[in-house]
Amino acid sequence: MATLSDSDIEKLFSGAPQYFDRAEGHYTGAPHPSVAFPWDEELGIRDLTDHTQIEDRAWTCASAWPHITRDIQPDRSTAQRASEKKRCAHFYPRCRERPSMLSMGGLEKGSMGFQAALELNVADALKEDQWGFESLASRPHAIVEARQRMLTSRDRLRHMDETLIFEQLIKNGKRYSEQHPHQLRLSSELYNELFLHILHPPTKVIDHRDPHSLSVQIAALVKVLAAPNVWIDFSLVEWRIRLGQLLWGTPDEDQVDDGASIKTADPVSDVTEERYWLLLQILLACELLVRLDAITEGDELGIESINPAEIHKFEKDANTTVKWSLHLARAWLENIEIVKTDPPSPEEEKPVGWLATLTKRMSIARDHGIHHHKDHHGPVYAIRGRHVERQVLGLQHFATRLRWPDINVYGSKISENCRAVTEGTQLNTPLASPLSKAESHLSSYFTFTGHDLHRPAAPKREPSRRRMISAALHSAGWLSKSYVSGLMLPGDGICHFLMATLLENDPEAMARLGTMANLCGGFVYSGKSFWSTSCIVGRVLAAGKGSAECMGWISSDITPHGFGDGWVNVEVEEPAEDALGINQKARIWAKLAVERESNVLGDADPSSVLPADFIIPFENVYRDKTPPTLLIELDALKLWAPGDSIHTTPAEDSAATPFSELSNPAQIRTYPAEISFTVTDLDTYKTYQHTYSLAKDVNFVTAHPCAPSSHVKILRSPSSPTIQQVDLSGRGAAGKAVSVVGHPLHKSYTYTALHLSELMAKKELSLEALLDEYSSAAHRPSLTPPSAKSAAKFLVIDCITGFQSLPQEHEIPLSPAVSRQGSYSFPTPRRSSTNNSINNVNCNNHHTPDSSPITAPETGCASPTTLEGVKEGGGGGGAGGVNVESASKKMHSETRRRQFGSDMEILVRAFCAEKGWNALISRRRRGCLACAIREAGALGWKVIIRVD
């Protein structure tokens with residue numbers, strides 16, 4: 001048997017994703033996981049992805065990774081159209097949110113992609129809180145001293161009043177909007193402006209060739225921003241959200257201590273002082289970003305030449321505080337505009353509507369360290385969002401996608417108030433009027449919900465991959481202000497902002513749900529339930545038909561039994577393996593293991609790879625007994641009161657209630673959750689009851705899509721599960737020729753396949769016990785014969801055989817990346833009634849990227865388990881044939897993809913949640929089993945859920 005050459009291997013695994021984990025360079029933190037098709041040039045294959053695109057330009061701030069937004073809004077404002085013009089080159093710091101928000105929305109609802117799954121164990125939420133910044137404004141003596149040194153040192157900051165800060169921010173905003181700032185600005189002009197008004201000049205010459213170069217200015221700004229104990233570190237998740245509270249909160253909004261790690265009960269003078277330093281940080285970051293953009297454009301145009309040594313020094317000196325300050329500057333310059341206006345007259349008529357009220361109260365105090373009085377005179381600096389209309393339309397889009405009750409009425413209310421928001425918001429006028437006593441109860445936002453909401457603050461926060469955040473909501477709150485202004489930093493904060501803004505401005509929802517919200521839990525409202533994807537209940541219910549997912553939230557028609565409107569928190573614990581594998585122990589650091597354990601060649605020697613080293617994997621060949629045909633129906637989702645037995649039913653009056661001036665905030669209680677099902681065997685008509693506890697905080701990952709190779713012909717012997725010959729000539733060999741819907745798998749990837757019915761019958765067995773049964777399994781699909789004490793590495797759960805027939809053509813889930821040219825949809829399998837052995841497999845050699853690689857007109861298609869009766873060279877209308885879809889039907893439709901799901905898929909996810917199994921979800925018509933098994937190897941996971 002001849003060995004396979006490198007060219008043979010590349011053709012054999014054409015269209016197969018390969019999994020990488022590579023460092024981006026020095027000082028960049030954990031490695032960067034990625035998926036690529038290194039042996040393919042077709043755009044339709046290289047653009048396959050396991051996650052959805054961001055669907056609205058209003059949400060583009062979710063990720064710092066460069067990305068294209070699939071905006072469905074046809075109408076755009078003048079400012080938005082201007083921002084869409086081709087701009088000059090931008091500088092992107094090698095520091096992004098973890099996990100990547102682009103990868104957090106997997107193609108399967110309630111799932112994530114490969115990159116996010118590996119990054120979750122080094123998530124930004126795991127970082128320790130910044131010392132000295134535990135409160136919103138009050139700072140310890142060491143922080144005050146460091147800031148004093150910053151203002152008194154000869155090579156640091158000049159003292160600036162807020163008027164000068166505002167003027168410089170206005171200047172930077174205009175400079176940023178220029179088409180080619182490098183051509184319009186001389187480095188000497190920028191040098192004089194920087195060192196005459198903002199910084200003291202350097203005490204020594206850094207660049208003898210050009211003392212006024214942009215590199216000199218960048219080095220000085222980096223030195224100031226990297227100073228310890230002076231600036232806020234926005235790499236911390238909570239400070240990314242608190243940004244809006246510091247800018248727009250009022251003194252009365254900061255009087256309640258709710259147990260958050262960042263306290264809010266600070267004196268007015270401290271809050272004003274901290275706002276000054278925040279504005280100064282924004283200004284310095286904008287100055288740095290404008291210069292980095294200019295030097296980046298100059299390098300691209302050949303005007304500037306960047307010394308590699310300067311790049312290395314920048315990456316070394318620019319710590320996370322500096323890089324996240326650059327993200328803040330980008331968000332500010334893209335979304336915020338400051339204009340100088342006349343002071344408002346006392347007789348000015350008050351605006352009407354919630355958005356106008358929100359705009360009216362978006363004010364921050366002037367004068368560094370001095371409380372402001374109402375007899376303010378002089379120029380007024382107003383903040384004006386550049387894309388207010390875009391943000392409002394994005395909120396409507398979010399509500400529509402989640403099927404929010406009465407969205408038509410709510411949407412019209414938003415549209416009526418859009419014009420008022422665009423008029424601008426005063427920055428240096430007196431603080432807003434004090435809140436009423438009732439509103440002051442609602443002022444302090446965030447706390448960590450491990451138990452009931454109003455618990456004493458723990459002395460030290462336990463590390464968690466997801467921050468469990470609660471919020472106190474009120475009309476026109478700073479969460480709404482943050483969203484409408486567009487000033488949001490990368491990360492999952494936008495998910496909180498969207499839901500908070502939706503709730504704060506729906507009076508009926510606020511009245512029925514109460515003002516305390518668990519933004520990482522769920523709530524029942526108007527006959528529907530809404531769940532954060534941070535909650536295991538949401539990730540499980542997302543698999544049901546009719547559920548909807550948008551920006552980290554799930555809506556479902558399934559509501560907890562016995563519950564009325566109100567918020568709930570779900571009791572859950574992390575699987576032991578996940579709890580131990582965080583930070584430096586995370587899988588992402590094992591770069592070699594990630595790539596080695598997912599290699600297409602397995603553990604084979606690359607110089608002597610034989611066709612017989614590979615198998616064609618399958619999940620649904622049963623030699624002894626065909627699995628039963630099952631009908632699975634969800635009975636109920638139940639939440640049990642804390643401390644009660646499983647026979648106790650919670651009372652409906654435990655739902656949250658609104659605040660009043662005489663009442664305390666309603667508690668959000670924590671409940672254990674379970675889901676019950678009725679399973680009917682349609683062969684015997686026996687009925688069984690199954691109940692699963694959603695006790696473990698497991699995760700689900702969408703298996704990356706693949707495209708079957710169009711270059712090879714694979715032959716197998718009826719007596720051997722391994723491949724006997726690989727024909728690359730295109731002429732074929734004796735025997736029948738049919739299309740294969742997947743890639744080969746190296747035989748070292750041992751796996752065992754269990755039908756869902758068999759898995760439910762073995763509920764008490766551990767994962768290790770199920771894998772140990774591999775050597776004695778009657779339908780063992782991998783090595784033959786097994787070694788004496790072999791155990792499978794992976795468990796494949798067959799959720800295809802014996803279940804309801806496939807949905808209609810328009811409901812087939814597709815990868816959004818292939819919408820440019822078409823989609824790769826897999827054919828419907830047909831089970832043989834007499835013989836399940838595989839004779840041979842032929843991969844047709846005439847497919848093009850914009851046609852389905854397994855549904856070409858000249859070749860019939862069938863599952864590898866059903867090859868009888870397929871004629872060689874049969875047409876598309878022959879046995880097992882599938883007609884080629886028209887171009888219009890191939891185009892990706894996110895709405896259609898979201899229609900996919902069933903109670904069976906909810907059940908298998910609930911099973912994994914009870915057992916504590918992280919699982920990869922492999923949909924047969926999106927990708928092959930071999931690629932899913934290799935991806936599980938890359939993740940270090942052992943369970944693959946195989947659905948149709």
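How many aromatic pairs does the structure hold? The structure holds 18 of them, where rings of Phe, Tyr and Trp (its six-membered ring) pair if their centres lie within 6.5 Å, and planes under 30 degrees apart count as stacked, over 60 as edge-to-face and the rest as tilted. Before going on, note that this is a predicted model: local features need pLDDT of at least 70, side-chain atom pairs count only at pLDDT 80 or more, and totals for chains, interfaces and linings use all residues. Residues are numbered from 1 along each chain as its sequence is written, and side-chain values use heavy atoms, with hydrogens and water left out.

Take Phe-91 and Phe-314, one of those pairs: their rings sit edge-to-face, 5.6 Å centre to centre, with 85 degrees between the planes. Phe-91 is in the loop between α3 (78-83) and α4 (114-119), while Phe-314 belongs to helix α12 (residues 308-317), so this pair links distant parts of the chain, 223 residues apart. Helices here are DSSP runs (H or I, at least four residues), as are strands (E, at least two), numbered from the N terminus. Phe-91 is buried at a relative accessible area of 16%, and Phe-314 is buried too, at 12%; buried means under 20% relative accessible area, exposed over 50% and partly exposed in between (1.4 Å probe, protein chains only).

Next come Trp-404 and Phe-530, a tilted pair with 5.0 Å centre to centre and 50 degrees between the planes. Because Trp-404 lies in the loop between α15 (388-401) and α16 (407-416) and Phe-530 in strand β10 (residues 528-532), the pair ties together parts that are 126 residues apart in sequence. Trp-404 is buried, with a relative accessible area of 2%, and Phe-530 counts as buried at 0%. Both belong to one aromatic cluster, along with Phe-523, Tyr-525, Trp-553 and Trp-567.

Now for some helix packing. Two packed helices are described by the angle between their axes and the distance between the axes. Helix α8 (residues 187-197) and helix α9 (residues 214-225) have axes that come within 9 Å and cross at roughly 25 degrees; axes are lines fitted to C-alpha atoms, for helices over the stretch in contact, and angles run from 0 to 180 degrees between N-to-C directions. That makes α8 and α9 roughly parallel to each other, since angles under 35 degrees count as roughly parallel, over 145 as roughly antiparallel, 65 to 115 as roughly perpendicular and the rest as oblique. On the α8 side, the contact (heavy atoms within 4.5 Å) uses Ser-187, Leu-190, Tyr-191, Leu-194 and Phe-195, and α9 brings Leu-214, Val-216, Gln-217, Ala-220 and Leu-221. These residues split into eight nonpolar, two polar and no charged; Ala, Val, Leu, Ile, Met, Phe, Trp, Tyr, Cys and Pro count as nonpolar, Asp, Glu, Lys and Arg as charged, and the others, Gly among them, as polar.

Helix α8 also meets helix α6 (residues 162-177), with axes that come within 13 Å and cross at roughly 165 degrees, so α6 and α8 are roughly antiparallel. Here Leu-164, Gln-168, Lys-171 and Arg-175 of α6 meet Leu-190, Glu-193 and His-197 of α8. By class, this contact has two nonpolar, two polar and three charged residues.

Zooming out, the chain comes to 30 helices and 27 strands, and buried residues make up 60% of its 948 residues.
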